[in-house]
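Here's a quick briefing to read with the model open beside you. Take a look at the fold, then work through the points below.

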Amino acid sequence: MRFSPDATAGGDHRAAGTVDYRLARRAVLAEYRRGRLSQNEVCDAHPELRRAAQQYSRPTTEPCPICEACELVLVTYVFGPSLPAFGRCVANLKELTSLARQARRHNQPFTCYVVEVCPQCHWNHLAKVFPLTPARSE
Ligand SMILES: [Zn+2]
């Protein structure tokens, strides 16, 4: 997998623990539209990511910026001390909540990476990164 905890370059760290990758995304799309990046370069979702997009993703209403043929889906990976080195792909909110509890047991926040993927042309981009911390009321 290409998504690892050190893949934070280019992100905006100012928003309270959450890193938003919209600026980086906009830059990639601008380069693509100027013809400096080919479709092969921007639609290069790893087979594992494509599989996750089919099986463990959340739908969005946002059309793919490249092919506009379908709507983007979001795939969430969680990284943390007791999780696999390549992250745990999270299918739903219930699983995310359970991982947040696990993070509390380890007394260490886990990190969530949300990746947008186009199931059609395989465009993919890191959408945001945020610390997964359990709610105090739990
Ligand atoms: Zn697409």
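Two strands pair if DSSP finds at least two bridges between them. Helices (H or I, at least four residues) and strands (E, at least two) are DSSP runs, numbered from the N terminus. Keep in mind that this is a predicted model: local features need pLDDT of at least 70, side-chain atom pairs count only at pLDDT 80 or more, and totals for chains, interfaces and linings use all residues. Residue numbers start from 1 along each chain as its sequence is written.

**Overall layout**
- The chain has four helices and six strands, in the order β-α-α-α-β-β-β-α-β-β.
- Of its 138 residues, 27% are buried, meaning that 20 or more other C-beta atoms (placed from the backbone) lie within 10 Å of a residue's own; 12 or fewer makes it exposed, and in between it's partly exposed.
- Taking contacts (C-beta atoms, placed from the backbone, within 7 Å) between residues at least 6 apart in sequence, 59% link residues at least 24 apart.

**Strand β5**
- β5 covers residues 110–117, and seven of its eight residues are buried, so the rest of the structure largely encloses it.

**Partners of β5**
- Strand β3 (residues 71–79) runs antiparallel to β5, with seven bridges joining them.
- In that pairing, Tyr 77 sits opposite Tyr 113 of β5.
- Strand β6 (residues 124–132) also pairs with β5 in the antiparallel sense, over eight bridges.
- Here Val 114 faces Lys 128 of β6.

**The turn**
- β5 and β6 make a hairpin with six residues between them.
- His 122, in that turn, has a positive phi of about 75 degrees.

How values were computed
Contact = placed C-beta atoms within 7 Å.
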